[in-house]
Amino acid sequence: MTSAFDSPEDPDDLTTVRVDQFLAHPPAKVWRALTEPELIAQWLMPADFRLEIGHRYTMTSFPRPNTNFSGTVEAEVLAFEPGRMLSLRWADASAADAADWTITWTLEPEGRGTRLFLVHEGFDPDDPAQMMARKIMGSGWRTHIMDALQNVVGHL
């Protein structure tokens, strides 16, 4: 079976960031790190997260003027399949920012570990600030965020 993750990210798809990461931990541990607020705070941002469709919460980080990011993300749980998939809406809290993204995590058992897929979609290719955000976030997801997530899962 072929998936969108069988080949490197399509450089022509400027609307999406895709990450394919192996974590040497079982899916249950990875799922905990993605869905327990005290763990989310350790690898991403503090959040009043609840695994409940329609639940809205806020995350706060540092503003990034070069990407028009206010520093506050308004998030909403869109869908989930326990232990397998989590889909979230992220929007910048600033009314002036057009950022409105969908973040979807998919977990697949692989050997004794987990293949974790991230799809971050909704970037506007006609907006230079969104393209800067895509570049920064794509790099961040693949490096320090995945490293931080791996570290948190490793301590469970």
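The legends below describe close-up views of a predicted model. Residues are numbered from 1 along each chain as its sequence is written, and side-chain values use heavy atoms, with hydrogens and water left out. Local features need a pLDDT of at least 70 and side-chain atom pairs count only at pLDDT 80 or more, whereas totals for chains, interfaces and linings use all residues.

**View 1. Confidence along the chain.**
The protein chain has an average pLDDT of 90, and 90% of the residues score at least 70; pLDDT is the predictor's confidence in each residue, on a scale from 0 to 100. Residues 1-8 have a pLDDT below 50, and beyond near neighbours in sequence this stretch has eight contacts in the model, a contact being heavy atoms within 4.5 Å.

**View 2. The salt bridge between Asp-20 and Arg-115****.**
The closest N and O atoms of Asp-20 and Arg-115 are 2.8 Å apart, and a salt bridge is defined here as a side-chain nitrogen of Lys or Arg within 4 Å of a carboxyl oxygen of Asp or Glu. Helices (H or I, at least four residues) and strands (E, at least two) are DSSP runs, numbered from the N terminus. Asp-20 is partly exposed, its relative accessible area being 33%; buried means under 20% relative accessible area, exposed means over 50%, and partly exposed lies in between (1.4 Å probe, protein chains only).

**View 3. Further salt bridges, with Arg-32, Glu-36, Arg-50 and Glu-52****.**
The structure holds six salt bridges, including one in which the side chains of Glu-36 and Arg-32 meet at 2.9 Å, N to O. Both partners count as partly exposed, Glu-36 at 22% relative accessibility and Arg-32 at 35%. Another salt bridge joins the side chains of Arg-50 and Glu-52 at 3.5 Å, N to O; here Arg-50 is partly exposed at 41% relative accessibility, and Glu-52 is partly exposed at 38%. Elsewhere, salt bridges that share partners join Asp-20, Glu-110 and Arg-115 into one network.

**View 4. Aromatic pairs of the model****.**
The structure holds five aromatic pairs. Rings of Phe, Tyr and Trp (its six-membered ring) pair if their centres lie within 6.5 Å, and planes under 30 degrees apart count as stacked, over 60 as edge-to-face and the rest as tilted. The ring centres of Trp-43 and Trp-105 are 5.7 Å apart with the planes at 85°, so this pair is edge-to-face. Trp-43 sits in helix H2 (residues 37-43) and Trp-105 in strand E5 (residues 100-110), so the pair ties together parts 62 residues apart in sequence. Trp-43 is buried, with a relative accessible area of 4%, and Trp-105 is buried as well, at 3%. For Trp-101 and Phe-123, the ring centres are 5.0 Å apart and the planes stand at 40°, so this pair is tilted. Trp-101 lies in strand E5, while Phe-123 lies in the loop between E6 and helix H3 (128-154), so the pair ties together parts 22 residues apart in sequence. Trp-101 counts as buried at 10% relative accessibility, and Phe-123 does so at 2%.

**View 5. The largest nonpolar core****.**
This core has 38 residues, and those with the most contacts inside it are Trp-43, Trp-90, Trp-105 and Trp-141; a nonpolar core is a set of buried Ala, Val, Leu, Ile, Met, Phe, Trp, Tyr and Cys residues joined through side-chain atoms within 4.5 Å. Its largest share, eight residues, comes from H3. Ring pairs link Trp-43, Trp-90, Trp-105 and Trp-141 into a cluster. Leaving aside neighbours within four places in sequence, Trp-105 has contacts that include Leu-34, Arg-84, Met-85, Leu-116, Phe-117 and Met-146.

Thr-114 is buried, with a relative accessible area of 0%, and its side chain reaches the backbone oxygen of His-25 at 2.7 Å. Apart from neighbours within four places in sequence, Thr-114 is in contact with residues among which are Gln-21, Phe-22, Pro-26, Val-30 and Leu-107.

**View 6. Ser-61 in the loop between strands E2 (56-60) and E3 (72-81)****.**
Ser-61 counts as partly exposed at 34% relative accessibility. Ser-61 and Met-45 are 16 residues apart along the chain, and their C-alpha atoms are separated by 6.8 Å. With neighbours within four places in sequence left aside, Ser-61 is in contact with Met-45, Phe-69 and Gly-71.

Definitions and conventions
Polar contact = N/O pair within 3.5 Å; in protein donor to acceptor, adjacent residues only side chain to side chain.
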